[in-house]
Amino acid sequence: MQFEDKLDMLVKRHDELRDAMSRPDAGGEFAKISKEFSDLTPVVESINLLKNSRSEARAMQEMIEDPECDAEMKRMAEEEIRLLEKKVPELTRQVQLALLPKDAADEKNAIIEVRAGTGGEEAALFAAQLFRMYQRYAENQGWKFEPLSISDTGIGGFKEASASISGKGVFAKLKFESGVHRVQRVPVTEAGGRIHTSAATVAVLPEAEEVDIVIHEKDLRIDVFRSSGPGGQSVNTTDSAVRIVHIPTGCTVQQQDEKSQHKNKEKAMKILRSRLYEIEREKADAERAASRKGQVGSGDRSERIRTYNFPQGRVTDHRINVTLYKIEDVMGGLLDEFINELISSDQAEKLAVEFS
């Protein structure tokens with residue numbers, strides 16, 4: 001369907017919904033009709049602005065070409081056309097963005113998982129820094145950051161850590177953080193002052209609700225065991241730790257931070273549900289990618305996405321070729337420059353696919 005045909009179809013649908021809402025026999029369908037009408041209203045308002053601006057431009061052009069129109073009116077018309085030539089492309093982009101298929105997970109809360117990669121203790125220290133970076137970013141956004149599980153090394157590093165982040169538009173902003181994060185710096189244990197390269201991986205999962213993913217008890221193997229701290233030191237004397245294996249996928253979640261077995265199981269199920277939901281999302285993405293060349297958002301976490309170079313004070317995002325010389329600000333949770341640019345880049349790629 002051509003772009004203009006889509007616009008006409010949406011305006012027509014909006015009119016139909018408005019008429020349907022005014023009918024006394026709407027009954028039980030009213031809530032559904034009202035929501036669709038409400039969702040469509042800002043899109044149709046943008047379409048009407050675009051159509052009106054185009055109409056104004058045509059009227060101004062006719063005025064300029066009219067031999068009976070005086071010079072002053074033509075000058076005003078030319079100035080108006082110059083303004084409209086800037087306005088129309090911006091309005092067109094707004095409408096196109098509104099027409100892009102929505103990611104159903106964008107408004108969901110998220111679970112973030114950070115794991116130390118290559119680099120031993122230095123990688124674990126960097127993983128802990130990344131975890132705190134996202135905690136500060138969440139606080140800056142007014143989101144709730146709730147640690148779910150932390151496996152520390154005993155000297156400040158994290159082997160792995162996970163947290164639940166809740167608030168408005170969490171997954172939409174954090175989903176581009178999944179991938180390999182590389183750090184270049186001189187470790188505190190390095191006597192010779194040599195720069196080492198280490199890595200940590202970040203996974204951001206949309207937090208699934210029970211309605212999103214149905215998990216059958218028969219598909220689970222649940223083991224309970226005694227929690228242990230660093231070095232195997234016993235933390236408590238009850239079998240409160242929980243390991244859940246989803247047999248069909250082999251997905252395994254272990255939780256031992258809480259003293260209550262019930263709470264550990266609850267947290268483990270939250271993580272498991274989100275991991276299974278992400279598996280389904282990636283499967284759907286792969287199917288779309290096969291049918292639509294250039295599909296964005298495949299969720300490939302094998303690639304290096306960002307490098308944090310401490311000696312030079314710079315952070316580089318390799319996907320968008322953006323480098324910021326403000327590493328302390330970034331580690332302090334000021335990620336908006338990267339995240340906003342990543343969102344814009346993603347939108348641009350999707351627009352190229354949808355409207356090329």
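**View 1. Helices α1 and α2 cross.** The axes of α1 (residues 3-22) and α2 (residues 30-65) come within 8 Å and cross at roughly 135°; axes are lines fitted to C-alpha atoms over the stretch in contact, with angles from 0 to 180 degrees between N-to-C directions. The pair is therefore oblique, the class left over once angles under 35 degrees (roughly parallel), over 145 (roughly antiparallel) and 65 to 115 (roughly perpendicular) are taken out. Helices here are DSSP runs, H or I, of at least four residues, numbered from the N terminus.

**View 2. The largest nonpolar core has 55 residues.** I112, L130, Y134, L272 and Y308 have the most contacts inside it, and helix α4 (residues 120-141) gives the most to this core, with nine residues. Such a core is a set of buried Ala, Val, Leu, Ile, Met, Phe, Trp, Tyr and Cys residues joined through side-chain atoms within 4.5 Å; buried means under 20% relative accessible area with a 1.4 Å probe, protein chains only.

**View 3. Who touches I112?** Leaving aside neighbours within four places in sequence, I112 has contacts (heavy atoms within 4.5 Å) that include Y134, F145, A161, I165 and V202.

**View 4. Another core lies apart from the largest one.** This one has 17 residues, among them L17, A20, V43 and V44.

*Notes.* Residues are numbered from 1 along each chain as its sequence is written, and side-chain values use heavy atoms, without hydrogens or water. In this predicted model, local features need pLDDT of at least 70 and side-chain atom pairs count only at pLDDT 80 or more, while totals for chains, interfaces and linings use all residues.

Methods: Buried < 20%, exposed > 50% of the residue type's maximum accessible area, 1.4 Å probe, protein only. Helix = DSSP H or I, 4+ residues; strand = E, 2+ residues; numbered from the N terminus.
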